[in-house]
Protein chains: 2
Amino acid sequence: MTDRIREFLEARRRAGRDTGPCLVVDLDIVRDNYQSFARALPDTRVFYAVKANPAPEVLALLARLGSCFDTASVVEIEQTLAAGATPDRISFGNTIKKERDIARAYALGVRLFAVDCEAEVEKIARAAPGARVFCRILCDGDGAEWPLSRKFGCAPQMAPRVLEHAHRLGLTAYGVSFHVGSQQRDPGMWDGALKSAAEIFNDLAERGIQLQMVNLGGGFPTKYLKNVPVVKAYGQAIFRALSKHFGNRIPETIIEPGRGMVGNAGVIEAEVVLVSRKSDDDPVRWVYLDIGKFNGLAETTDEMIRYPIRTEADGDATAPCVLAGPSCDSIDVLYEKDPYLLPIGLEIGSKVLIEGTGAYTTTYSSVGFNGFPPLESFVI
Amino acid sequence: MTDRIREFLEARRRAGRDTGPCLVVDLDIVRDNYQSFARALPDTRVFYAVKANPAPEVLALLARLGSCFDTASVVEIEQTLAAGATPDRISFGNTIKKERDIARAYALGVRLFAVDCEAEVEKIARAAPGARVFCRILCDGDGAEWPLSRKFGCAPQMAPRVLEHAHRLGLTAYGVSFHVGSQQRDPGMWDGALKSAAEIFNDLAERGIQLQMVNLGGGFPTKYLKNVPVVKAYGQAIFRALSKHFGNRIPETIIEPGRGMVGNAGVIEAEVVLVSRKSDDDPVRWVYLDIGKFNGLAETTDEMIRYPIRTEADGDATAPCVLAGPSCDSIDVLYEKDPYLLPIGLEIGSKVLIEGTGAYTTTYSSVGFNGFPPLESFVI
């Protein structure tokens, strides 16, 4: 929470425009975060993960600061170009792309693409001749609050064949990428993945192909309820692992922070719609907000992300609450398995501030499930 | 799948407009479904659950057929009125409502509201004086493919006090509602809930308050992969339970079908973007579609709803596949715990038809997560 956000929300209330939930993102925090990454990893290029928050103001600020961009679709590429980035600063980082979208990206000037199998290499060879490709490998997400599935990446043993295939088809076999798991709280987790990456570099070198780049992925955490290591600790751990596995031939590196870049820059203001109990002897109160899984808080699925919540009654005694959204959908419950402690003074109409919501909220909103509008967003 | 949908999709392909996934809803099926409900439960009024699919054409057809409407928000009330329904045919069925939204609904002419606690009764007494209220009670969702949480409803023992409170505040204590769980495949499940409802009627009668209505809720299934009982079987089971618990004083009843009204009327056409394996010895193929959890198939969460999928290669030998969506989000996997058998001839660029997708798809779509547009929808 910053003074600028507080003042913005106060002005919105005074104007009587506080009729639904809204996200406010403070660009000063985004700037600080960018600079922290740049300082912590001075030899690494930053590719902001646009999907975390593609607000035009965020993209424009990062473009001015010199950031590069990791994009998931042609629409995100277009948004990034519109914000002032040049195509040489854009990676099409989704391993799952339609061939016509690869062609469109290539026409827009994009030359860097992710792959994780030979079929995707073949699409790129046809639609983006001569482009650079990096192969994503699987790595286990131990230590992450939001462990990744096996959806992206191939087994490390398969990567050399994929990259050699790219080389044979006239592409530049450029490097290796991995993702250690979102909201990764253990800076040591990059070590194992970098060991695999170095082995792939050696394997390809034996085949006469010199890889150049390691994409260290995202996973950099933002602070929710628990403390997380500072960015500097990640930089140090990554540098140690790079030195250990690559010796004095450290490759070019890039990182793809999303949550770590914008998560703590945003605060959602929401309203308590109802407080009730299910029976006279119900030990928990049910607190229903005007925001839920379908209009901004999708990352509460399985109660993975636990946002800090501030209320007007903070300081009162607290009691366990089940927290739920406003929709007529039974899965629209935010925290139930592990009830949330909230002040007993919290009542219908109270405002609550949900912190750390700058990433993965606005674009996750449904177009209008139950007739509720998407999350309103302001960037200041 | 109907001839009309097949012809529509063929025309779309010929016109070269098949560049992204789309849903096609056949109004003839919606009409058939409405008439099946009306025939199976001749003394019961149908309140279509607008949230299942609020397409204007669907609402207009149902309004013409004489349906009433269960709505979750002021926007849904406005959509329903715009489609030609009069406000006396609208229920504001969400138990979680802002007081200003209740006032707005009342100003629009709505006089029927759901509650499940005294605080909500008080809002309605202030904002919708004299309105009818029904109290939702908890009932366990055994037998449902998508069991409901405890989010909606109070313990049956608490309902008489809630309704008496409404009566004291000048509202009409009108009845009781419950929901036996979505995609409920056991018609016998209404029996226990009706027993509770009858007890509440008796309790209120002893307090001098005559309830009039039982809202039997939704839960009527649509056919996915498994067969489901026909609507007539539900009508018979419900009539038996009503007679058993209410004797010869059967109350007014309403039902709120959503999935059962539109689920089987819709088919999504999607495209295979990538087919790959994660390693040389991977026993399953990964099949990535251009539709996933964030642009239409949110109900695959926890693999609850398993849609029938038709392909151009049907008839080929099949093999187990993990099915996933196109986004850079690791949770965007549709079926993995229980892999889906799909033809081995399925390849990149193949079209697939996902059946039973008329309900809970379009409005669940995100506004643009990863830059992917919301699900396109056509009603024919």
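This is a predicted model: local features need pLDDT of at least 70, side-chain atom pairs count only at pLDDT 80 or more; totals for chains, interfaces and linings use all residues.
# Exercises on a two-chain model

The side chains of B:Lys98 and A:Glu271 form a salt bridge, with N and O 3.9 Å apart.

## Exercise 1. The contact between the chains

Task: Describe the contact between chain B and chain A by its residues, its area and its polar pairs.

Solution. 

Step 1. Count the residues. Chain B gives 72 residues to the contact, and chain A gives 72 residues.

Step 2. Take the area. The two chains bury about 5600 Å² between them, and 59% of this is on carbon and sulfur atoms. On the side of chain B, the residues that lose the most area to chain A are B:Lys151, B:Lys278 and B:Cys328, which together make up 13% of what that side buries.

Step 3. Count the pairs. There are 14 salt bridges between chain B and chain A, and 42 residue pairs are in polar contact.

Step 4. Find the elements. Helix 4, helix 6, strand 12, strand 13 and strand 16 of chain B each give two or more residues to the side that touches chain A. Strand 12 of chain B gives the most, with five residues.

Step 5. Sort by class. The side of chain B that touches chain A has 31 nonpolar, 20 polar and 21 charged residues.

## Exercise 2. Salt bridges within one chain

Task: For the pairs A:Lys97 with A:Glu120 and B:Arg13 with B:Glu269, state which parts of the chain are linked.

Solution. 

Step 1. Take the pair in chain A. The closest N and O atoms of A:Lys97 and A:Glu120 are 3.0 Å apart. A:Lys97 is in the loop between strand 4 (90–92) and helix 5 (99–107), while A:Glu120 is in helix 6 (residues 118–127), 23 residues apart.

Step 2. Check burial. A:Lys97 is buried at 1% relative accessibility, and A:Glu120 is buried at 0%.

Step 3. Take the pair in chain B. The side chains of B:Arg13 and B:Glu269 meet at 2.5 Å, N to O.

Step 4. B:Arg13 is partly exposed, at 34%, whereas B:Glu269 is buried, at 2%.

## Exercise 3. The surroundings of B:Lys97

Task: Find which backbone oxygens the side chain of B:Lys97 reaches.

Solution. 

Step 1. B:Lys97 is in the loop between strand 4 (90–92) and helix 5 (99–107) of chain B, and is buried at 1% relative accessible area.

Step 2. Read the distances. The side chain of B:Lys97 reaches the backbone oxygen of B:Asn94 at 2.6 Å. The backbone oxygen of B:Ala114 also lies 2.6 Å from a polar atom of that side chain.

## Exercise 4. An annotated lysine

Task: Describe where A:Lys51 lies and what is in contact with it.

Solution. 

Step 1. Read the record. An unreviewed UniProt entry annotates A:Lys51 as "modified residue: N6-(pyridoxal phosphate)lysine".

Step 2. A:Lys51 is in the loop between strand 2 (44–49) and helix 3 (56–65) of chain A, and is buried at 12% relative accessible area.

Step 3. Sort the contacts by chain. Beyond its neighbours within four places in sequence, A:Lys51 contacts A:Asp70, A:Glu76, A:Tyr360 and A:Thr363 in chain A, and B:Cys328, B:Phe369 and B:Asn370 in chain B.

Definitions and conventions: Residues are numbered from 1 along each chain as its sequence is written. Chains are lettered from A and ligands numbered from 1 in the order in which they are written. Side-chain values use heavy atoms; hydrogens and water are left out. UniProt positions are given in the numbering used here, feature names are shortened, and annotations may be inferred rather than shown by experiment. Helices (H or I, at least four residues) and strands (E, at least two) are DSSP runs, numbered from the N terminus. Buried means under 20% relative accessible area, exposed over 50%, partly exposed in between (1.4 Å probe, protein chains only). Contact means heavy atoms within 4.5 Å. Buried area is the accessible area (1.4 Å probe) that two parts lose on being put together, summed over both. A salt bridge is a side-chain nitrogen of Lys or Arg within 4 Å of a carboxyl oxygen of Asp or Glu. A polar contact is a pair of N or O atoms within 3.5 Å; within protein, one must be able to donate a hydrogen and the other to accept it, and residues adjacent in sequence count only if both atoms are side-chain atoms. Ala, Val, Leu, Ile, Met, Phe, Trp, Tyr, Cys and Pro count as nonpolar, Asp, Glu, Lys and Arg as charged, and the others, Gly among them, as polar.
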